[in-house]
Structure formats: C-alpha cells, structure tokens
Amino acid sequence: MTSTQILEALAPCGLSCEKCFAHVDGDIRNYSLKLKEKLGNFDIYAKRFETLIGDPIFEKYPDFKGMLDYFASENCRGCRHEQCKLFTGCGVRQCHQEKNIDYCHQCDDFPCDKTGFDKHLYDRWIKLNERIKAVGVEQYYEETKDKPRYI
C-alpha cells in the first residue's frame with residue numbers, strides 16, 4: 001500500500017476510517033449490503049420460524065434488520081475528506097487541518113484535551129498515536145490492517 005493510500009485509510013487520530021462501519025467502501029458496510037441481499041424478504045420467514053422452530057430468537061429479527069439496515073446505509077468517505085459523521089463532537093479533524101499535520105502525535109501539544117473523545121476512546125487515541133510515533137505509520141498500518149477496529 002502506498003503512503004497516500006495509508007494516509008487515506010487512517011484518520012488523523014490513528015483510527016482506521018476504512019474499517020469504520022460508516023465508511024462507504026468499508027467491509028462492514030459491504031458485508032451488510034451483501035447480507036441484506038442474501039436474506040431477501042426474510043421478515044416473513046422470521047415470523048414463521050418463531051412458530052415452526054419454536055425459537056424465540058426470531059422475535060428479535062426486526063431489531064437485527066434495523067441494525068443491518070443502519071450498517072448498510074452509512075456513507076462516510078473518511079475523516080480526511082469530511083467531518084466525522086459518527087463523532088460529531090470530534091475536534092481532531094479541525095485541529096489537524098489548522099496545524100497542517102497528518103497525525104496527532106506530530107503535534108507539540110499531544111496529548112491534548114481538544115479531541116472531544118470519551119475516556120475509552122481518549123485512552124485508545126493516546127495508545128494508537130504513541131505506537132504510530134514509535135514504529136512509523138507504514139509499520140503501524142501493517143500491524144493493524146487485519147485487526148478489527150472495534151476492540
């Protein structure tokens with residue numbers, strides 16, 4: 001993968017935009033679209049299976065379908081192209097643009113309190129950026145490209 005492609009894949013915070021469920025070309029969205037296609041009109045069958053199989057799990061199908069529809073409908077192009085559609089309070093994109101840096105760890109103020117992240121994401125943000133700084137963005141990408149985003 002080229003440096004430009006890695007830059008597109010990773011947000012300035014170090015999270016992988018391409019692995020986000022909202023990313024227009026991400027696996028989660030693509031698999032959700034494919035699963036919706038494969039399930040077809042399963043709604044009718046889920047209702048029937050409640051009775052035929054006797055498993056109450058099928059009562060939850062409408063909730064499952066709602067999540068699947070949500071995952072399939074998102075269309076974010078990534079933090080380097082637009083403001084994050086999930087974390088509307090995220091301060092990273094604006095800050096990285098103002099300071100003209102690629103990743104947060106390159107900032108003299110890192111770590112700062114401008115992210116808008118909750119404690120879990122804030123701690124993860126620090127860890128990700130420390131790792132990028134330690135091994136470089138290319139190695140970091142190679143280390144994380146096959147790992148899930150939501151860990």
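**Exercise 1. Enclosed spaces**

Solution: A volume here is the space filled by probe spheres set on the points, with grid points joined across faces, edges and corners. This is a predicted model, in which local features need pLDDT of at least 70 and side-chain atom pairs count only at pLDDT 80 or more, while totals for chains, interfaces and linings use all residues. Residues are numbered from 1 along each chain as its sequence is written, and side-chain values use heavy atoms, with hydrogens and water left out.

Begin with the largest cavity, which has a volume of about 170 Å³ and is lined by 21 residues, with Ala 11, Cys 17, Cys 79, Cys 84 and Arg 149 nearest its centre. Its lining has 15 nonpolar, three polar and three charged residues, given that Ala, Val, Leu, Ile, Met, Phe, Trp, Tyr, Cys and Pro count as nonpolar, Asp, Glu, Lys and Arg as charged, and the others, Gly among them, as polar.

Then turn to the second largest cavity, with a volume of about 100 Å³, whose lining residues include His 96, Phe 110 and Trp 125. Helix 5 gives the largest share of this lining, three residues.

**Exercise 2. An open space**

Task: Find the volume of the largest pocket and the elements that give two or more residues to its lining.

Solution: The largest pocket has a volume of about 350 Å³, a pocket being an open set with protein on both sides within 12 Å along at least five of seven lines. Among its 18 lining residues, Arg 124, Leu 128, Tyr 140, Thr 144 and Ile 151 are the closest to its centre. The elements that give two or more residues are helix 6 (119-135) and helix 7 (137-144), helices being DSSP runs (H or I, at least four residues) numbered from the N terminus. The lining divides into seven nonpolar, three polar and eight charged residues.

**Exercise 3. Aromatic rings**

Task: Classify the pair of Phe 42 and Phe 58, and then the pair of Phe 110 and Trp 125.

Solution: Rings of Phe, Tyr and Trp (its six-membered ring) pair if their centres lie within 6.5 Å, and planes under 30 degrees apart count as stacked, over 60 as edge-to-face and the rest as tilted. By this rule the count comes to 12 aromatic pairs. For Phe 42 and Phe 58, the ring centres are 6.4 Å apart and the planes stand at 45°, so this pair is tilted. Phe 42 lies in helix 3 (residues 42-52) and Phe 58 in the loop between helix 3 and helix 4 (61-73), 16 residues apart. Phe 42 is buried, with a relative accessible area of 18%, where buried means under 20%, exposed over 50% and partly exposed in between (1.4 Å probe, protein chains only).

For Phe 110 and Trp 125, the centres are 5.0 Å apart and the planes stand at 75°, so this pair is edge-to-face. Phe 110 lies in the loop between helix 5 (92-99) and helix 6, and Trp 125 in helix 6, so the pair ties together parts that are 15 residues apart in sequence. Both Phe 110 and Trp 125 are buried.

Conventions
1 Å grid on protein atoms, 1.4 Å probe; cavity = no way out; pocket = protein on both sides within 12 Å on 5 of 7 lines; lining within 4 Å.
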